[in-house]
Amino acid sequence: MTSSGSDGEAQAAAEGGAARPEERLERAVRAAEQALIEYEIAVETFRVEVENFSRLHHQKLGPMYTRLDELDARIAEVTADRTGDPEDRRKADEARARVMPMPGVEELFNGWMDGDGLFPEAVAMLTDQPVRPPQRVRPSDEARKLYRDLARKAHPDLAPDESERQRREEFITRVNAAYARGDEALLRELAEEWAKGPAPKERGPSHSEELYARLEWLSQRKELLTLVAKEMEESAIGSMLRLAPDDPDRLLEEIAEQLLAQVAKREEELAALLG
């Protein structure tokens, strides 16, 4: 009896020892999954912030950039008319080409361009009149909280099988769209919808090879997201946003002041040429 009991204990100990490395792998996979989800949330949040800032930048400063391009073209054209130099004419043609509207620019700016080729916002800014505030799409704190909670609960990477992954991907697509619009009410509805849906299935036992493959995939996914985040950070808008992450409106105001000064200088230069 004693010998048999000892053999059974030894076998159990051996089995427990064999299971421990796989358990450690499972814990590592779960930790990597959660870390990736948190990172994806951060990247998506930054993407929304960059898009919002880009929209505000174009709406508020785009008219002034357009006015500067127009003044540069006029100055170059007047200079070319005076000198008759072919090189001056070439520079004038290039400057005018930069002012030519790209296809769809009227649609891009929602029909803000008037018959004279200037935006109402540009006219208002250049004549010290009140400017219509640019449209803001900035998610509230509650919307951010709802989005993070939903992203953590319904993330496709937590799906135990392909059908559940597809269901989660479709749901998260709706969540992302609502968050990008700052639609707090819809996010709340989506949270209720998820709570009523089927509960996620427990992840079944995984072989060590599958766990290693999973860790490798998670690592590759993190590397890809890192490249995406770096691209956004190094973009023109991302770089500007990083200068004043807590007060982007103030940054836009400072840039607007600089552009207005440049516009005034160009107008003086053009007036001098025409005078």
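Author: What follows is a short exchange on charge pairs and accessibility in this predicted model.

Reader: How many salt bridges does a search of the whole structure find?

Author: The search returns 24 salt bridges. One of them pairs the side chains of Asp72 and Arg266, with an N to O distance of 2.6 Å. That pair links distant parts of the chain, 194 residues apart: Asp72 belongs to helix H1 and Arg266 to helix H10 (residues 248-274).

Reader: Which residue does Asp149 form a salt bridge with?

Author: Its partner is Arg152, and the closest N and O atoms are 3.8 Å apart. Both residues lie in helix H5 (residues 141-154), three residues apart, about one turn of the helix. Salt bridges with shared partners join Asp149 and Arg152 with Glu38 and Lys145 in one network.

Reader: Turning to Glu49, what does it touch?

Author: Leaving aside residues up to four places away in sequence, Glu49 touches Arg144 and Leu241. The C-alpha atoms of Glu49 and Arg138 are separated by 7.6 Å, although these residues are 89 apart along the chain.

Reader: And which residues form the positive surface patch?

Author: Arg20, Arg24, Arg27 and Arg30 form that patch. Arg30 lies in helix H1 (residues 2-83) and is partly exposed, at 44% relative accessibility.

Notes
Residues are numbered from 1 along each chain as its sequence is written. This is a predicted model: local features need pLDDT of at least 70, side-chain atom pairs count only at pLDDT 80 or more; totals for chains, interfaces and linings use all residues. Side-chain values use heavy atoms; hydrogens and water are left out. Patches are made of residues with over 30% relative accessible area and no salt bridge: like charges are joined within 9 Å, nonpolar side chains (Val, Leu, Ile, Met, Phe, Trp, Tyr) within 5 Å. Accessible areas come from the Shrake-Rupley method with a 1.4 Å probe; for residues, only the protein chains shown count as cover. A salt bridge is a side-chain nitrogen of Lys or Arg within 4 Å of a carboxyl oxygen of Asp or Glu. Lys and Arg count as positive and Asp and Glu as negative; His and the chain ends are not counted. The place of a charge is taken as NZ of Lys, CZ of Arg, CG of Asp or CD of Glu. Helices (H or I, at least four residues) and strands (E, at least two) are DSSP runs, numbered from the N terminus. Buried means under 20% relative accessible area, exposed over 50%, partly exposed in between (1.4 Å probe, protein chains only). Contact means heavy atoms within 4.5 Å.
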